[in-house]
Amino acid sequence: MCCAGTFSPTSSDPGKTSRGGTVRAQWAVVEPLLPERDPRRGRRPLKFPRRLVVDTVPYVLVTGCAWRLVPYDLAPWDAAYRWFRAWTADGTWDRVRDTLRDRLRVSEGRDPQPSAAVLDSQSAHSHEGGEAIGYDAGKRVRGRKRHLLMDTCGLVLWAVVHSASVHDRAGAKLVRAGIRELFPQVGLVWVDSGYVHIGAPKR
């Protein structure tokens, strides 16, 4: 998700909004990864360009603004949010992230499949989430906890989010279960002391 666009205050690209967005080279990579709408199957043509939608979603994620406060020169917030949810559910954002990560690794002379990774967690305050809300006694935070598994380039491989009350070791098992098939070559994971005795990924 976070790699779908890069924002700059000004641009010479006439296809960008005044607030920045994807440049032509970026869009050429991202566009083929987005699902097509086929009018022959009863699907109406998009009212707003997909590129504008792609520019709007990262704007919200990068700036942290509310969806309803999206600037006027981007896609309407309700349309952007609807496509954000749809593309999350069908795996589009995962496909974009994985493709861009693999391209970056190859450009640096690395194998697309990492053999080593770094795992860490972060607890954040939250007042919503139902059963997914808990208290992290170690960090004195009530909210949710996320585990990020990154390659040695700092690119996200896998993420797991749950209640902050879940111990790091238990959360690491969820991460390990998710990466076995996606990243079979990962044989070394660097962690801090909170993850001791979780074992190596099974092959």
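Which residues have the most contacts inside the largest nonpolar core? The views below start with that question. This is a predicted model, in which local features need pLDDT of at least 70 and side-chain atom pairs count only at pLDDT 80 or more, while totals for chains, interfaces and linings use all residues. Residues are numbered from 1 along each chain as its sequence is written, and side-chain values use heavy atoms, with hydrogens and water left out.

**View 1. The largest nonpolar core has 22 residues.** Leu-34, Trp-67, Trp-87 and Val-96 are the ones with the most contacts inside this core. A nonpolar core is a set of buried Ala, Val, Leu, Ile, Met, Phe, Trp, Tyr and Cys residues joined through side-chain atoms within 4.5 Å. Buried means under 20% relative accessible area, exposed over 50%, and partly exposed in between (1.4 Å probe, protein chains only). At least two residues of the core come from each of helix H1 (24-30), helix H2 (50-63), helix H3 (77-89) and helix H4 (92-107). H2 gives the most, with 6 residues. Helices (H or I, at least four residues) are DSSP runs, numbered from the N terminus. A second, separate core of 11 residues includes Leu-119, Val-160, Ala-172 and Phe-183.

**View 2. Here we meet Trp-67 and its contacts.** If you leave aside neighbours within four places in sequence, Trp-67 is in contact (heavy atoms within 4.5 Å) with Val-57, Val-60, Trp-77, Ala-80, Tyr-81 and Phe-84. Trp-67 counts as buried, at 17% relative accessibility.

**View 3. Aromatic rings pair up, and the structure holds 5 such pairs.** Rings of Phe, Tyr and Trp (its six-membered ring) pair if their centres lie within 6.5 Å; planes under 30 degrees apart count as stacked, over 60 as edge-to-face and the rest as tilted. The ring centres of Trp-67 and Phe-84 are 5.5 Å apart and the planes stand at 40 degrees, so this pair is tilted. The pair links distant parts of the chain, 17 residues apart: Trp-67 is in the loop between H2 and H3, and Phe-84 is in helix H3. Phe-84 is buried too, with a relative accessible area of 18%. Together, Trp-67, Tyr-81 and Phe-84 form one aromatic cluster.

**View 4. Trp-83 and Trp-87 form a tilted aromatic pair.** The distance is 5.4 Å centre to centre, with 45 degrees between the planes. Because they are 4 residues apart in helix H3, about one helical turn separates Trp-83 and Trp-87. Both Trp-83 and Trp-87 are buried.
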